[in-house]
Amino acid sequence: MTDALLQVDDLRVSFAVGGLEVRAVDGVSFTVDPGRTLAIIGESGSGKTVCCRAIMGLLPGTAAISGSARLRGSELLGLSDAELRRHRGSDVAMVFQDPARSLNPTMRVGVQITEAIKTHRAVSRREAQTQAIELLRLVRIPAAERRFHEYPHQLSGGMRQRVMIAIALACRPKLLIADEATTSLDVTTQAQIMELLLELQQELDMALILISHDMGLAASYADEVVVMYAGKIVEQAPAMRLFGTGGAVRMRYTRALLDAVPHLERPAHYPLPVVGGRPPDPTALPPGCSFAPRCASAADDCVAKAPALLEHAPGHRWACWHPCENGGAA
Amino acid sequence: MAVPTPDVTLATRVPPPLPSLVNSRRLRTQRLGRALRLWVPAGFLILMLAMCFLWPLVYNLPSSVNGNIIYSSEPPFSPGHWLGTNTLGVDIFSQIVYGGQIAFEVSVSVTVIGIVVGGGIGIIAGYFGGWIDAVLSRILDVLIAFPALVLALVIAEGLGPSEMHVILALSVFAIPALGRVVRGATLTLRALPFMTAARLAGTRGWRIIVRHIVPNILPGIVTFSLLGIGIVIILEGALDFLGYGIPLPEASWGSMIAQGQQVLTAQPEYVLIPSIFLLVTVVALNMLGDALRERWGVQ
Amino acid sequence: MTAQPTPADQPAAGEPLLSARDVVQEFVVRERGGGKAGVVQAVSGVSFDVMPGETLGIVGETGSGKSTLARAILQAPRPKSGSVVFRGTELTKLRGGRLLQARRHMQFVFQDPFGSLDPKWRVRSIVEEPLIAYRTGDRAARRKRVDELLDLVGLDPARYAKRHPRELSGGQAQRVAIARAVALEPSLIICDEAVSSLDVLIQAQVLNLFEKLRSELSLSYLFIAHDLALVKQVSDRVAVMYLGKMCETGPGEAVYRQPLHPYTRALLDSIPSTEPGAARAAATIKGEPPSPINPPSGCRFRTRCPRATDLCAQEEPEPRELAAGHLVACHFPLNQPAPVATAVAAADAATGVTFRSV
């Protein structure tokens, strides 16, 4: 356990919204090993983004956070802003969904990358600029010297996301969190960016956390998959185990996410397996399993008691009273 | 694949529900603060309106115009004159009440005229666009370019001071202000998908304006108007102060300040009392506007 | 309902329900300060047919003009040129009330479920809006119809009719938009990214609803999305758009099994698979789409195409029917061997873009 790069233990985040408590993350634990890729999958509101923002120290002061998140043994939660800034960028970095909004529209992209380098390292302006152009090359931006002097609006969505990745990589972090980083991009651009991320991971020996709602992305690019629902981890397993032939999916929720991904093999007008209902209200979570109201095989005990997330097979954890057999394939 | 799932351990390992991370006092404080932000200014304004318009109907107030020189310059908390009297012996509380009536009458009328005329122009300009927008926008520009106070002075000078003329003069200021706000809001709204959806669903012309545009811009206009009412009260005070507003001897907050200013060092309360009423009323209007904006989520 | 189907109202068998020919839509791009910077041809000469009861899927990435095409079909705004014939009526020539009547049987569902519902209206009024606009029945009849429609899309009228859009989830809001779309018993519904903003489980629910309505109300769809897998799943025929032009049109199964256009191939390869280890095709398409203000000469895809030659730069490929109902606009379709002198390097040099080798 000591060789884990990031170790998150019983992380919990609550917000007070309009006089009610919203439990965004409710007791989440996972580890990320150096150089590996972890995918955190869930619908909107499942707490996957809040979870990673808490690790990055990016949540507003109104959030109540408990638990621990240790990066190479040093605690990240509860750090002062100055200490966080040291970690952010040099140890962990984050790429967001919306590259258009994450970049300053009034500054040339080169200046923004140079700034990012200078905040973390004591280097001269000239040196920082050289490194910035190298970073642009690193993220395979053609004609890097020319792009260096352009403004964000002159770049396409994919190029902007490359610039964001360049900024995130400015200090060679050990962990990169990509929060829906390819969701707003076209499929062809998404494939390019994902491939770039994996190549950079190899080159720089980084660990990667992919936050996404897309099971396909997790299956194609992750080593380990964590499925979140209503603030909790409901299933965790190596990708090969979860998606491989004779898949070992145990949670009906994971199965449903997998089935809902459009398949090219299915004939036209094929009726999709459907899960009714919608995620529970985060201000009033049910006492039992939070997926029980939508689950086809829910029984009385599911409504009464919440199942714990236990390691039932090596590397495979799930939280279900009645796990499905044969991967739940219909 | 054989997965060891010992049912016994499962049954015994039900985790207790995790305790709340947010303490309940903070949640209560949040709810209370939200309620107070709305009801403190609203309550104060209701009290002010009741004082100005209901009080004189229920109780017999001393005249706000004529005073008895025998009772002149009485200090606050004197019997029968709890805010005292001025140098002419006129009851200050009566002046505040009747001055307040005028302040509210003028500011509300001006704002209503502004909403109806300015808002109408703004909606038509914003919705129909093209040359209609160009013409109406230029008219609003011309009006906004007029210095409102100077125009009010000219109207008062030419037509003679009266409440009606004050309303007229200040409307010239309110109409373009509201007109531009409404036009902007309509333009933003027109580009939204639900407007396209309404048009494609077959709804047309005036029905779109009445049923889609007006309800959507109304919250914004109401909050903006509350700020507007405050500004108009100040402008009305300024006109009175300059002697071009409500004709003497009728009481108004502005003229009270103007008269009190002559004896400012000897009797600062003549200036202070109307100023405080003016200030607190305007602040309450602004606070109410902000609280409503928060509730309705208006930008 | 009060619709009186006249013989002319119903298309004869074998006649397309909707027929678009050479539709062109342009926008003027302005510089800062209002100067005219150029004209973007967002849709340039697109033709397609939708047969009664058929779902035609249109796939394209950002900037392919697919949404503009949807609006042009709806005449909102009217296309610059070309013809749109719906149920035998030419829409581009109609105005005002006559356009409204002709468009009655063509409804739409947009991407943003909340954006397309007036936030101040209640669900009941939203669904009733087209019924009022087309003066359908009296108040009581309309109310009854609204309840039926809400039932049809799977929303309990007693619970949802009085809600405002903000009190709905994204999926419920999209159901309301669908109820409004089917209120007038249309024959065609244009769905522009209608499920793209929904969570994956909700997306499946809404897709099934579309399927249910298709069979129950014998609807046709023009289903527009950026996700080829999604489009293929709901469509009988699929059309692929790139930079304002159609690349390939054909039966969904054929387009998937044997794509003829290199761009379609690239789209298929880019879809992440849920089978791990299934060899990920190294992104077969490089670079970024060129600017639509200044599209490439000849074939618009040639700057990113691995098979492009000089011919592609000189001559624009015309759509050719290579199999039954399977059209492709490419000089060197994928069922033929790759051209000998591949001029990719030349094309790259011309655009100043260099690609690393994988």
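Select C:Glu128 and C:Arg142 to begin: their side chains meet in a salt bridge, with 2.9 Å from N to O. A salt bridge here is a side-chain nitrogen of Lys or Arg within 4 Å of a carboxyl oxygen of Asp or Glu. This pair links distant parts of the chain, for C:Glu128 belongs to helix H3 (residues 123-133) of chain C and C:Arg142 to helix H4 (residues 139-152) of chain C, 14 residues apart. Helices (H or I, at least four residues) and strands (E, at least two) are DSSP runs, numbered from the N terminus. Both C:Glu128 and C:Arg142 are buried, where buried means under 20% relative accessible area, exposed over 50%, and partly exposed in between (1.4 Å probe, protein chains only).

The model is predicted: local features need pLDDT of at least 70 and side-chain atom pairs count only at pLDDT 80 or more, whereas totals for chains, interfaces and linings use all residues. Residues are numbered from 1 along each chain as its sequence is written, chains are lettered from A and ligands numbered from 1 in the order in which they are written, and side-chain values use heavy atoms, with hydrogens and water left out.

Next, select C:Lys66 and C:Glu193, a salt bridge whose closest N and O atoms are 3.5 Å apart. C:Lys66 lies in helix H1 (residues 66-73) of chain C and C:Glu193 in the loop between strand E7 (188-192) and helix H7 (200-217) of chain C, so the pair ties together parts 127 residues apart in sequence. C:Lys66 and C:Glu193 are both buried.

Move to chain A and select A:Arg23 with A:Glu21, a salt bridge with its closest N and O atoms 3.9 Å apart. A:Arg23 is buried at 18% relative accessibility, and A:Glu21 is buried at 13%. Over all chains, the structure holds 34 salt bridges.

Now display the cysteines; zero disulfides are found over all chains, a disulfide being a pair of cysteine sulfur atoms within 2.5 Å. The sulfur of A:Cys295 lies 6.1 Å from the closest cysteine sulfur, in A:Cys320, which is too far for a bond. A:Cys295 is buried, at 17% relative accessible area.

Finally, select helix H10 (residues 262-270) of chain C. Seven of its nine residues are buried, so the helix is largely enclosed by the rest of the structure. Among the buried residues are C:Tyr263, C:Leu267 and C:Leu268. Their cover includes helix H8 (187-204) of chain A and, from chain C, strand E9 (237-242) and helix H9 (252-257).

Conventions. Contact means heavy atoms within 4.5 Å.
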